[in-house]
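Keep the picture open while you read.

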Amino acid sequence: MAEKPKLDVITIGRSSVDLYGAQAGGRLEDMGSFQKYLGGSPANMAAGAARLGLRSALLSRVGDEHMGRFLREELAREGVDVRGLRTDPDRLTALVILGIRDETNFPLIFYRENCADMALSEEDVDPAFIAEAGAVVATGTHLSNPRTEAAVFKALTLARANGARTALDIDYRPNLWGLSGHGDGENRYIASGMVTERLQRRLGLFDLIVGTEEEFRIAGGFEDTLESLKAVRRLTPAVLVCKRGPMGAAAFTGEIPETLDEGISGPGFPVEVFNVLGAGDGFMAGLLRGWLRGEDWPTSLTWANACGAFAVSRHGCAPAYPSWEELQFFLRRGVVTPALRHDAELERLHWSTTRRGAWPSLKVFAFDHRAQLEEIAAKAGVPAAEAPARIGAFKLLCLEAAKRVAGGRPGYGFLSDGRLGARALHRAAGSGLWIGRPAELPGSRPLAFEPEVGEDCGGLQEWPLEHVVKVLCFIHPDDPPQMRAEQEASVKRLFLAARRARLEFLLEIIPSKVGPVGSETTADLIRRFYEIGVYPDWWKLEPFEDEAAWEAACAAVEAHDPHCRGIVVLGLEAPEALLARSFALAAKQPLVKGFAVGRSIFGATARRWFAGDLEDAAAVEEMAARFSALCGLWDAAREKETAR
């Protein structure tokens, strides 16, 4: 029995950064801001295939700069194998600037002058790497240049010799073949005998060829689609899949019939066309999932059409593609809202199944405190004018303690604010630590936000994507109706702004500070927030003293959001012995992933440091020891429950 390939598919060709105009309905000239996404057809396909559960890899080049590193990291986050992604020391990563004018016009500019991926060469194609793949997929752009064509030819030849499948997405962009100017990136078709000849000499290398009607016209050399399909058929026995826009797609496994309607088809999906850019790459990802997993063509085309429908109804290319779970849900339920990006249930599932990274456990040093540290500094005699800088310096020591305990291992993080702790936030960028950042004004009730966030929460647009928006709300089920309504509205406004800014959201609720609590108090609040449409990625809850409260809270979360990342326990400056008992109780619940504790770690140290009785190194040592001890307590509590 042949050994199963380590990879399902390797895609070859373009890898670029897409800069998408954030505003829709205007000229590209008038775009005021842009969203940065993974781009390039082969990169999009690899990411889309990975979301659908295929083991995908990309063979391409990126520059030795920030954009190249972004692509490498983004692909890895999507689960794409990046061993074949070479770093070019001399060339820049390709860029594409794109816009959404209306339902038929999507202007774009390719910045690809001597770009990194067009320097892909035969030397970049490792036979051992190609041998790992069950399939190799090429795209048309890399047949436009002798150097890249030679690399593609080598990969395809090796794949076929290994018994792997091969596929071509024609992916015809006339200006990438030198047929039109830089301002003509949107153009999808210009007849060219040269392009037809270059494509036709390679068509025999493929088992599957996919393209739009225009792309098959350039491949076949005729202005009539059926005549072109017949011309392609004379050159190859490959399965031909012709994409037909809103009419779905047709697959031809044998002779070409007299109408496109006679091809094998799958159902289409009546969705609003918002953005066609990248829809073909999403279609290809769905098609590959079916083709490579042995599904029949109607099933494969159904998945492909559905993935294309997701893409045309959302902003961006790769970010729009569904996860496998999302796709299956959509196929079971069907279209409810034609504008899929406005389908709340579907968007929640899309968000929660395509989030960055995984956090099966989370141990957080919380030093986002502002009012408490200002009070400590004042009591130590620090002049008010000097306090912000001194507090900022102390937070850097807290960060150093957190990093020391984490030691580069996953599952650790910290909370710091942007007003007094900005330097700590900046220094931690890219560290691998989980980073939470508070949005609320300390102690506010009703809830109010820090000036940097703004009353409309628009300030979140300035936050890095790795920051988790944390908000603490002192709220109780028995609050007066006006207070309750105002608090709920503020939390929802912040939550929606976080989603628009592509930031995760942590909701901390502490009812015990404003009223009596019982076993159902927090659970009632959790249910209410879900009822008004707030779906936190994380919950931060106070340490309950009875198991019934934990069971009720966890049940409330699980009933409404099975994809919630989890719950972390706060500390409330409790002594270590009390925290140990709290951890032992919380650890019984699988949904509780860890803790976020602050003053129990830094409180005593801060008082001595601000008073001048403790040097920096000793302060870091003390806080690291306390944080490490708490981590040990949590790990022991969790291990005890796991062993039961």
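Start with the surface: the protein exposes about 25400 Å², and carbon and sulfur atoms supply 52% of that area. Accessible areas like this come from the Shrake-Rupley method with a 1.4 Å probe, and for residues only the protein chains shown count as cover. Before going on, know that you're looking at a predicted model, where local features need pLDDT of at least 70 and side-chain atom pairs count only at pLDDT 80 or more, while totals for chains, interfaces and linings use all residues. Residues are numbered from 1 along each chain as its sequence is written, and side-chain values use heavy atoms, with hydrogens and water left out.

Now step back and take in the whole thing. Along the principal axes, the C-alpha atoms fill a box of roughly 85 × 60 × 50 Å.

What is the chain folded into? You'll find 20 helices and 20 strands, which are DSSP runs numbered from the N terminus (H or I, at least four residues, for helices; E, at least two, for strands). Among the contacts with a separation of 6 or more, 73% come from residues 24 or more positions apart. A contact here means heavy atoms within 4.5 Å.

Next, look for empty space. Rolling a probe the size of a water molecule over the atoms shows where such space is left. The second largest pocket holds about 1100 Å³. A pocket, on a 1 Å grid over the protein atoms alone, is an open set of points where a 1.4 Å probe fits, with protein on both sides within 12 Å along at least five of seven lines; lining residues have an atom within 4 Å of a point. Its volume is the space filled by probe spheres set on the points, which are joined across faces, edges and corners. This pocket has 43 lining residues, and Thr212, Gly245, Val276, Ala279 and Gly280 lie nearest its centre. Elements that give two or more residues to the lining include helix H1 (41-51), strand S7 (108-111) and helix H8 (279-292).

Stay with strand S7 for a moment, as Ile109 is found there. Is Ile109 buried, exposed or partly exposed? At a relative accessible area of 28%, Ile109 is partly exposed. Leaving out residues up to four places away in sequence, Ile109 touches Leu28, Leu95, Val96, Ile97 and His182.

Finally, check the backbone. Most residues other than glycine have a negative phi, and most peptide bonds are trans. The bond from Arg445 to Pro446, though, is cis, with omega near 10°. Pro446 sits in the loop between strand S15 (434-438) and strand S16 (467-473), and Cys457 is in the loop between S15 and S16 too. Cys457 has a positive phi near 65° and is buried, at 2% relative accessible area. Arg502 also has a positive phi near 65°, but Arg502 counts as partly exposed at 26%.

How values were computed:
Buried means under 20% relative accessible area, exposed over 50%, partly exposed in between (1.4 Å probe, protein chains only).
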